[in-house]
Amino acid sequence: MFALIPALVCFPFLVAAFLAVNKNERLRRYVVYGASFVVMILALALLVLWLMSGAQAVSFYTDTHLINLLMVVGELFLMGLVIQLSLRHRKYPVILLSVAQTLLLVWLELFGPSVPKTTHILLDHFSMLMCIIVAVVGGLICIYAVGYMNGYHHHHTEFRDRRSFFVAMLFLFLGAMFGLVLSSNLLWLDFFWEITSISSFLLIGYTRTEEAIHNSFRALWMNLLGGLGFAVAIAFCVLKYHTTSLQDVVSYQLLIPVALLAFAGLTKSAQLPFSTWLLGAMVAPTPTSALLHSATMVKAGVYLLIRLAPAMHDNLVGYMVAFIGGFTFFVASMIAISQSDGKKVLAYSTISNLGLITACAGVGLPETIWAAILLVIFHAVSKSMLFQGVGAVENSLYSRDIEDMQSLILRLPKLAYILIVGILGMFVAPFGMLISKWAALKAFVDANNTMLILFIAFGSATTMFYWTKWLCKLVSVCKVVQPVKDVTKKNEYFSLFIHAILVIGLCLLFPIMSIFIVEPLLSEMFGYTVTVLSAGNLYIMIIMLLSVIIFPSVAYLFSEHVHKKYVISYMNGANVGDNTNFVDAHGKPRELILSNWYMTDIFGEQKLLIPGQILSAVVLLILLCLIVGGGLL
Amino acid sequence: MKAAVSVILYLIFAPLLGGLLDGLDRKISARMQGRTGPSVLQPFYDVIKLFHKQSLMVYRPQFFLVVSYLFFVIFTGALFFAGCDLLMCFFALAAAAMFLVLASCSTHSPYSSMGSQRELIQMMSYEPMVLLTAVGFYLATGSFRTDEIVQSAVSPILYMPGFFIGFVYILTIKMRKSPFDLSTSHHAHQELVKGVTAELVGDLLAATTIAEWYENIFLLGVIALFFCNSSTPWSYVAAVIVCLFCYFLEILIDNTSARVKWNVVFASSWIVSFLAGGINLLVLDLVR
């Protein structure tokens, strides 16, 4: 087991290094497949070994002087990279952010006061769970990327083909995520945190268009700002409290470091006012979005917030995080209504769901963490699937606009079913996300948090609106449809189908997850556990789950035997013989085009995003000042 | 045992009662308009006739979507009268509404597609208040379960007048009454030609009508829940009176107001939910 952890962290780095220098396309493909499976097997092996050894929280690696030095070198290298790229693209302020935090940490490491030695790696239920999510979802995304990038460069000939760099970055990301979730030492955590920031920056800028470069630098400066908060938090811990252990920060409730770390978590999980970097990340090819939105990057942010949760219960930091989370949940779900770009809807829905997780973490009670963990699991799998699904649709339709997905169920049936499963999983009772939302609502009520109750009540309504609208487009059928060639590759389908099975499986098995994963996790985190689902509600949910799956299917099968007469739809008698054309005022046939409602004058980005950013920035700033000022005085 | 009995009673009597109330609605509306109006049993004759009509469809999945809609509406009420979690009921009701929207938009018909978009707006308008009402019951009585709510020491309405006002406000949307009957109305001559149900004929239209009856009884059940209190038997009488009064109020509003635009429905119901529900919520949170 001790050997597996460094293997899990280092193996993706080695694969990344190999892929970066290898130019042979065929070899690359097999290496990616092989390495993805190896990563999954390593994570599963770690799980099995850990379970066999009693599934206790274990921590190790006390003496790590050499590795620490290597990390210093690594951080300096990352700083050099940022400086070089910023100079090339004339984004000078970014340099300041990068240099400030790197030098601060290097100084602490080399010349700072010595702190009592602690362990550097912690393997408990939470980090194990995150490892599995990262390995399975991340691994599948890498497999998908091979096929997707082929298609991508097939009809995006204007971009230079840098596929080897692309897949190398994906693996780098996975390695950094493993390191991040396994580290219990803040310096180590920060090192991996920086790697994820920089590799996401490189991935977003993949196409090297002006927009891509602009967006990638926005992602960079926002994440570096968070990183700066992280570095200051570490400095504070070392200089004032003589510790570098995340567990110490949480158990002693060191408010200022907790606040600064939470700030870093908020930037990384794209909460308002920092949401724009994640929206900008859409310019990158789909596997990037799938990876950033599901298993990695943003999950690193909420991972840290959930880790900090026990220290945020009922204090100013908790209020700050809960407000930002709840507010983001509500605002992002409203803006999603006004979007017709499929990937953008997914992006806003990610931000919105992360807001809910953040709010749960901010409340910091076992009940809310129960909901947060389940949200993390369900969201990772369904969102990764939805992104890959939309990406595959885009490769076939040359558009990812929801309006162009009319009758997708006839044109690209397999992909349409994938999207339907994903969307249903996101908001319909009694699937995973809704159960978690329900638990969150209940916990907010118990915590007497009126504000969050209102956010969740109104935000749920808007969430339902934009998902159902999309669903409508997929199933809405007009008789005459242009056939579309499905160019989705086998490896893409492989990943998509596994995801679909996972989504359905997770929905069915969630009581088991609750008992064997989430409840032990809660008792590790809080010292006691709670039963969120009463037996009565569990039975109702299972009945409802079965009826939601079985009843419509039976009715559907039965409908094949019902004798019906098929007619054309009602158009005031102006039909031209089918459902797609009508006779216009000049007596000529004209195509009937139906569109969803987007209501941009109420929910538009321009109306809501900037006011939302300003409001949340002001609140964040005031509360941070209060916390830090109050702590210092 | 008690739960099973009440579920069975609901399954049998809800459509009868719902149909009867529908008939009463038509009678009272007619009288308000100076007409004699049809017999109180007319809705039943209509539904029976619908079942005997030829089945026409635009698109095959309509069938299973409408049947699922009916099923989930019945399921919602069954959960409610079995004494289950109120939030669960509302989630099941939302799932039911989704099936209706899918059934109507799956046809690529202009009227029903427009109706389904409007139906979505309506859902977005009433959903916050529905969730807040469930939360209100929990704060007032300490439970989400309807069987435990009725066992509280006093009637919940004493703690939740704001939630009651808000809920009655959105009831107009849920019962598809003017001025909030955007997505469908009981009159086919309006600008939307019955909206969501425009492409449903024969047995499928009958199924949606029956679903509406079940749904109305469930909604009146929620209204009654504000008043019911097993320690004072006369509270049940009060509940029935209030339910009938609310139903009459909806008929009155229906007959005295003209349909408004969706913006008004949306904005007003959110504002009412926020003020009535939010203030009541805050007060309950403070006194707790």
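**Exercise 1. Is A:C131 buried or exposed, and which cysteine sulfur is closest to its own?**

Start with accessibility: A:C131 has 0% relative accessibility, so this cysteine counts as buried (buried means under 20% relative accessible area, exposed over 50%, partly exposed in between, with a 1.4 Å probe and protein chains only). A disulfide is a pair of cysteine sulfur atoms within 2.5 Å, and over all chains the structure holds zero of them. B:C84 is in no disulfide either, with the nearest cysteine sulfur, in B:C89, 6.6 Å away. B:C84 is also buried, at 12% relative accessibility.

A friendly note before going on: this is a predicted model, in which local features need pLDDT of at least 70 and side-chain atom pairs count only at pLDDT 80 or more, while totals for chains, interfaces and linings use all residues. Residues are numbered from 1 along each chain as its sequence is written, chains are lettered from A and ligands numbered from 1 in the order in which they are written, and side-chain values use heavy atoms, leaving out hydrogens and water.

**Exercise 2. Find A:S349 and list its contacts beyond its sequence neighbours.**

First, locate the residue: A:S349 sits in helix α15 (residues 342–363) of chain A. Helices (H or I, at least four residues) and strands (E, at least two) are DSSP runs, numbered from the N terminus. Then check burial: the relative accessible area of A:S349 is 0%, so it is buried. Finally, setting aside neighbours within four places in sequence, A:S349 contacts A:K383, A:M426, A:Y466 and A:W467 (contact means heavy atoms within 4.5 Å).

**Exercise 3. Which residues does A:S569 contact, neighbours within four places in sequence aside?**

Begin with the loop between β3 (565–566) and β4 (581–583) of chain A, where A:S569 lies. A:S569 is buried, with a relative accessible area of 2%. Its contacts, neighbours within four places aside, include A:N575 and A:N579 from chain A. From chain B, the contacts are B:V58, B:H108, B:S109, B:P110 and B:E199.

**Exercise 4. How do helices α4 and α8 of chain A cross?**

Take the axes, which are lines fitted to C-alpha atoms over the stretch in contact, with angles from 0 to 180 degrees between N-to-C directions. Those of α4 (residues 92–111) and α8 (residues 210–241) come within 9 Å and cross at roughly 25 degrees. That makes α4(A) roughly parallel to α8(A) (angles under 35 degrees count as roughly parallel, over 145 as roughly antiparallel, 65 to 115 as roughly perpendicular and the rest as oblique).
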